[in-house]
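Please read it alongside the sequence and the coordinates shown here.

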Amino acid sequence: MRFPLHIATDMVRHQVAQAWRGNRRYPFVLMLEPLYTCNLACLGCAVERHTGKLKDRLPVETCLEAVDASGAPSVSICGGEPTVYPELPQLVRGIIDRRRHIYLCTNALLLAEKVFGTIPPHKRLTINVHLDGMRQTHDRVCARDRAIEMIREAKRLGFHVMTNTTVFRETDVNEVKALCELTKSLGVDGMLISPGYHYESARHDIFLTRDEIHSKFRRILDFSRHYKLSSSPLFLEFAAGYRDYRCSPWSTVTFTPRGWKGPCYLIGQKFTFSWDEFWNGTDWDYWESRADDRCQNCAMHSGFEASAVREAGRNPRDLGRLVAWNLFG
């Protein structure tokens with residue numbers, strides 16, 4: 001299976017339960033940012049995500065309250081760099097105790113010091129290592145060889161490991177394919193490839209226009225079936241311009257040191273520590289429409305994968321493709 005059985009069944013159970021309650025919108029994933037502190041300053045990252053002070057991090061209790069409030073079955077612990085968060089073992093344990101699935105999103109540089117030996121492997125924990133290319137490209141932002149070393153060690157120790165690659169304007173698609181070959185040889189359990197997304201506060205003009213996204217992802221789509229990509233074929237067809245979806249900004253909610261970020265992971269129009277104010281006070285109809293100027297070149301995985309899943313539920317052929325993709329991937 002492309003995703004472990006317990007993850008797949010929990011996600012299906014969550015969607016069935018929400019449908020039974022008559023909920024049309026509900027979170028699939030919580031992006032939990034316990035801190036804005038990072039050991040790197042990557043080109044494609046928002047400024048606040050690597051300039052925060054460690055003393056301004058969220059307490060574990062506040063993080064767990066956000067997990068409970070969202071009800072999302074999956075939690076991506078990001079930031080900042082989550083391995084810098086001193087209370088990470090307690091946070092991971094608290095989320096696992098709530099029977100949620102964790103994706104620990106990391107540049108991998110501190111895994112040996114902060115994770116291996118302090119946080120044991122668990123079926124509900126996935127280490128998600130960010131790799132933006134082969135050695136020359138990746139080393140523009142961090143030590144690629146160290147990340148590869150940590151992936152090997154994580155697999156040896158028994159962790160479930162994925163990689164996450166962002167495609168930017170200057171990304172060579174041939175290099176993306178070579179990276180897929182490399183990660184496949186390392187035995188990683190999944191590879192997420194997604195278009196670069198323009199944070200409001202990102203300083204560098206490295207992001208793709210919609211036409212550029214389509215061009216690059218048509219080539220990625222051509223070789224995607226040969227690798228264990230966690231991006232669904234329906235999402236990849238959307239990124240390639242063969243499908244069109246409304247956005248589902250509510251499917252991936254974000255909690256930060258400033259509170260709930262609305263309306264989405266990229267656009268911080270409003271922050272509040274009140275879940276009700278965030279959830280009930282956001283104009284989801286407007287943001288789903290993609291009418292805002294800031295949404296025109298966005299094809300972000302977290303906004304459109306849920307849209308692909310929801311639309312597949314209305315099309316037996318697409319639903320069958322998703323089931324086969326997961327079972328036989």
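K155 forms a salt bridge with D189, and the closest N and O atoms of the two are 2.9 Å apart; a salt bridge is taken here as a side-chain nitrogen of Lys or Arg within 4 Å of a carboxyl oxygen of Asp or Glu. The pair links distant parts of the chain, since K155 belongs to helix α7 (residues 144-157) and D189 to the loop between α8 and β6, 34 residues apart. K155 counts as partly exposed at 25% relative accessibility, whereas D189, at 17%, counts as buried. In these terms, buried means under 20% relative accessible area, exposed means over 50%, and partly exposed lies in between, with a 1.4 Å probe and protein chains only.

The model is predicted, so that local features need pLDDT of at least 70 and side-chain atom pairs count only at pLDDT 80 or more, while totals for chains, interfaces and linings use all residues. Residues are numbered from 1 along each chain as its sequence is written, and side-chain values use heavy atoms, with hydrogens and water left out.

**Salt bridges**

A search of the whole structure finds 22 salt bridges.

| Pair | Closest N and O atoms |
|---|---|
| R25 and E288 | 2.7 Å |
| R57 and E87 | 2.9 Å |
| K155 and D189 | 2.9 Å |

R25 forms its salt bridge with E288, and this pair links distant parts of the chain, with R25 in the loop between α1 (5-20) and β1 and E288 in helix α12, 263 residues apart. E288 counts as buried, at 1% relative accessibility. Both residues also belong to a network of salt bridges in which R24, R25, R246, D285 and E288 are linked.

R57 forms a salt bridge with E87, and this pair too links distant parts of the chain, with R57 in the loop between α2 (48-51) and α3, and E87 in the loop between β2 and α4, 30 residues apart. R57 is partly exposed, with a relative accessible area of 27%.

**Enclosed elements**

Helices (H or I, at least four residues) and strands (E, at least two) are DSSP runs numbered from the N terminus. In strand β6 (residues 190-195), 6 of the 6 residues are buried, so the strand is largely enclosed by the rest of the structure. G190, L192 and S194 point one way from β6, M191, I193 and P195 point the other way, and all are buried. Strand β5 (residues 160-167) runs parallel to β6 and is joined to it by 6 bridges, where two strands pair if DSSP finds at least two bridges between them. I193 in β6 is the bridge partner of T165. From β5 the chain crosses through helix α8 (residues 173-186) to β6, and this β-α-β crossover is right-handed, which means that, with the strands pointing away from the viewer, the path from the first strand over the helix to the second runs clockwise.

Helix α4 (residues 88-97) has L88, L91, V92, G94, I95 and I96 among its buried residues. What covers the buried residues of α4 includes β1 (29-32), α3 (60-70), β2 (74-77) and β3 (101-106), contact being heavy atoms within 4.5 Å. R99 follows α4 and has a positive phi, near 60 degrees.

**Backbone details**

A cis peptide bond joins G79 and G80, with omega about 20 degrees, and G80 has its place in the loop between β2 and α4. Another cis peptide bond joins G262 and P263, with omega about 10 degrees; P263 lies in strand β8 (residues 259-263).

Positive phi values also occur in residues other than glycine. Phi of A108 is near 80 degrees; A108 is in the loop between β3 and α5 (111-114) and counts as buried at 0% relative accessibility. Phi of R290 is near 65 degrees; R290 is in the loop between α12 (284-289) and α13 (301-312) and is buried, with a relative accessible area of 10%.

**Surface patch**

M1, L5, L319, V323, L327 and F328 form a nonpolar patch on the surface, with about 600 Å² of accessible area together. Patches are made of residues with over 30% relative accessible area and no salt bridge, like charges being joined within 9 Å and nonpolar side chains (Val, Leu, Ile, Met, Phe, Trp, Tyr) within 5 Å; accessible areas come from the Shrake-Rupley method with a 1.4 Å probe, and for residues only the protein chains shown count as cover. Helix α14 (residues 316-328) gives the most to the nonpolar patch, with 4 residues. F328 is found in helix α14 and is exposed, with a relative accessible area of 70%.
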